[in-house]
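Reader: I'm new to this one. Can you walk me through it? Here it is on screen.

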Amino acid sequence: MFCCNFSDKVLEHFMAPRNSGSMVDADSIGTAGDPACGDSLTLYIKVKDNIIEDISFMVFGCVAAIATSSMTTELAKGKYLDEAYKITDQDIADALDGLPEQKMHCSVLGATALKNAIDNYYSKINGK
């Protein structure tokens with residue numbers, strides 16, 4: 001059915017993604033894309049007292065792109081911005097019990113979009 005051997009956790013997040021959908025009242029938005037495979041991710045964050053109070057995503061992509069986007073939101077929700085900023089692509093892959101080597105680039109989408117959303121948030125509140 002799938003091109004790769006995905007972990008049960010990857011398939012679970014693909015079949016029932018957490019926090020999917022847009023967020024009309026987001027405090028910040030971060031995007032990331034991989035032109036090599038056509039995947040594109042938009043992450044929305046709501047921040048209160050420097051904590052990611054709410055987070056959601058819209059993604060166009062494969063099984064791994066959907067699963068890693070979902071897991072990124074799970075890892076970031078409830079964290080201080082500086083903690084969330086440190087989430088890496090490897091953290092995301094590890095939380096999904098690994099990804100096939102040819103799909104590791106999908107975890108970069110989540111980490112990059114999250115960092116972009118946080119950077120955009122700081123730019124917005126600092127008036128830049």
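This is a predicted model: local features need pLDDT of at least 70, side-chain atom pairs count only at pLDDT 80 or more; totals for chains, interfaces and linings use all residues.

Reader: How do S2 and S3 pair, parallel or antiparallel?

Author: Antiparallel, over nine bridges.

Reader: Which residue in S3 stands opposite Ser40?

Author: Phe60 stands opposite Ser40.

Reader: Is S2 mostly covered or mostly open?

Author: Mostly covered. Of the 10 residues in S2, seven are buried.

Reader: New topic. How many salt bridges does a search of the whole structure find?

Author: Four. One of them joins the side chains of Asp27 and Lys46, at 3.6 Å from N to O.

Reader: Where do Asp27 and Lys46 lie?

Author: Asp27 is in the loop between helix H1 (8-15) and strand S1 (28-34), while Lys46 is in strand S2 (residues 39-48). The two are 19 residues apart in sequence, so their pair ties those parts together.

Reader: Are those two buried or partly exposed?

Author: One of each. Asp27 has 18% relative accessibility, so Asp27 counts as buried, being under the 20% cut-off. Lys46 comes out at 22% and counts as partly exposed.

Reader: What about Asp54, which side chain does it meet in a salt bridge?

Author: Lys77. The side chains of Asp54 and Lys77 meet at 3.6 Å, N to O. This pair also links distant parts of the chain, 23 residues apart. Asp54 belongs to strand S3 (residues 51-60), and Lys77 to the loop between helix H2 (63-76) and helix H3 (81-85).

Reader: How exposed are Asp54 and Lys77?

Author: Asp54 is partly exposed, with a relative accessible area of 31%. Lys77 is partly exposed as well, at 38%.

Reader: Which residues do salt bridges with shared partners join into one network?

Author: Asp25, Asp27 and Lys46.

Reader: And Arg18, what does its side chain meet?

Author: Glu12, in a salt bridge of 2.4 Å, N to O. Arg18 is partly exposed at 22% relative accessibility. Glu12 is partly exposed too, with a relative accessible area of 42%.

Definitions and conventions: Residues are numbered from 1 along each chain as its sequence is written. Side-chain values use heavy atoms; hydrogens and water are left out. Buried means under 20% relative accessible area, exposed over 50%, partly exposed in between (1.4 Å probe, protein chains only). Helices (H or I, at least four residues) and strands (E, at least two) are DSSP runs, numbered from the N terminus. Two strands pair if DSSP finds at least two bridges between them.
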